[in-house]
Amino acid sequence: MHLVFTVTLKSSDRQFSVAAGETVLEAAQRAGVALPYSCRAGVCGSCKATLLQGHCEYPRNPPLALSASALAHHAVLLCQAVPSSDLLLEAREVTSVEDIARRQLGMVVTDKWPLAPDVIGLRLLPAHGERRLNRLPGQYVDVLLEDGKRRPFSIANGPQADGMIELHVRHVTGGGFTSWVYDTLKVGDHLRIEGPLGTFVPREDSERPMLFMAGGTGFAPVKAIVEHFIALGTRRPMQLYWGARTAADLYLRPLAERWARELPNLQFNAVVSDPDQSAGLRIGLVHEALLADQPDLSGHDLYMSGPPAMIDAAHPLFLDAGLPEERLYYDSFEYAPDVLAQIIAGRAGIHDRSL
């Protein structure tokens, strides 16, 4: 492989080489350097860093997650940025995931059950002869399809001795894979996955209060991280906000309510956007409810996971409320890579109605 440019990370002085046509994120992963990321398509902004020296280009996808102001302040998206010179970057590192190897393995469906009218729960165990996946709470896997496509799903439980993985799969109208899961997949069937992926993982080097915000099935990785801190016996205050359109969409509300009853340092807030289907719960948008209760976020760590629209709306408002960007951890995971490509084309002015 012909190596052409060097990237230096200012905070740690670590360096790695980038091959021609490679993105910074790809090169970092090849070198065993863990930089934050989520969607891998330039949409969510999880991989944003500051370019201190050098130049890069975006030959694959435009940096949609960067505002004009961010670009003016030399922000770059590492999942799409291809260097055209040596680079000096100010970037966060997630060292806790660096020693975890990403790999493929076969899994067997051991349980399938309805969580909500349009959400299916799956439990998977490694197939015979497979080693369990080494991972951290909050990470996700790609389910590998026969046509070469991938479907990302966050893991809803922490690491287990038997390697069990729990997924929460929302049925998307017109979505071929989720329709197959909903209608055809059965206990005993085999799936092939690749992982672990993502850097939405617990940060334990803090004593600050924690805020968790989930939208819809974004509750899955939040659940895994909250359960991790509960198992650690943390005394840090934790407040969980879970938003959905209807009360029925809060498919594990009894679990979150039990946490709040049993743990003096955990509070749970359910928020529903449809006033006609609220079942007496708080009405509104979940990020607005969080800000109404917590107008000053400067002393918190905040984890959020859910649809891109929720992430996009909440992100700037949380920063405006005083939350330092390095303490905002988020996972925007709803779109599969091939669907993202169509979304990106649409945002670039090519109107594709086939989604």
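1. Contact here means heavy atoms within 4.5 Å. With that in hand, look at Met210: leaving out residues up to four places away in sequence, Met210 touches Phe229, Thr234, Arg236, Pro237, Met238, Gln239, Asp301 and Tyr303. A word on the source: this is a predicted model, where local features need pLDDT of at least 70, side-chain atom pairs count only at pLDDT 80 or more, and totals for chains, interfaces and linings use all residues. Residues are numbered from 1 along each chain as its sequence is written, and side-chain values use heavy atoms, with hydrogens and water left out.

2. Met210 sits in strand 14 (strands are DSSP runs of E, at least two residues, and helices are runs of H or I, at least four, both numbered from the N terminus). Met210 counts as buried, at 1% relative accessibility; buried means under 20% relative accessible area, exposed over 50% and partly exposed in between, with a 1.4 Å probe and protein chains only.

3. Six strands make up an open sheet with parallel pairing, in the order 17-16-15-14-18-19. Strand 17 (282–283) and strand 19 (328–332) are the edges, each pairing on one side only. Pairing, by the way, takes at least two DSSP bridges between two strands. Strand 16 (residues 266–272) and strand 17 run parallel and are joined by two bridges, and Val271 stands opposite Arg282 in strand 17.

4. Two helices to check against that sheet. Helix 5 (residues 253–262) packs on it, touching strand 15 and strand 16, and its direction makes about 150° with that of strand 16. Helix 6 (residues 286–293) also packs on the sheet, touching strands 14, 15, 16, 17 and 18, with its direction at about 150° to that of strand 15. Axes are lines fitted to C-alpha atoms, for helices over the stretch in contact, and angles run from 0 to 180 degrees between N-to-C directions.

5. Ala244 belongs to strand 15 (residues 238–244) and is buried, with a relative accessible area of 13%. Neighbours within four places in sequence aside, Ala244 is in contact with Asp249, Leu250, Val271, Val272 and Ser273.

6. Ser154 is in strand 11 (residues 150–154) and is buried too, at 5% relative accessible area.

7. An unreviewed UniProt entry annotates residues 102–203 as "domain: FAD-binding FR-type"; such annotations may be inferred rather than shown by experiment. In the model this span is 8% helix and 45% strand, with its end C-alpha atoms 20 Å apart.
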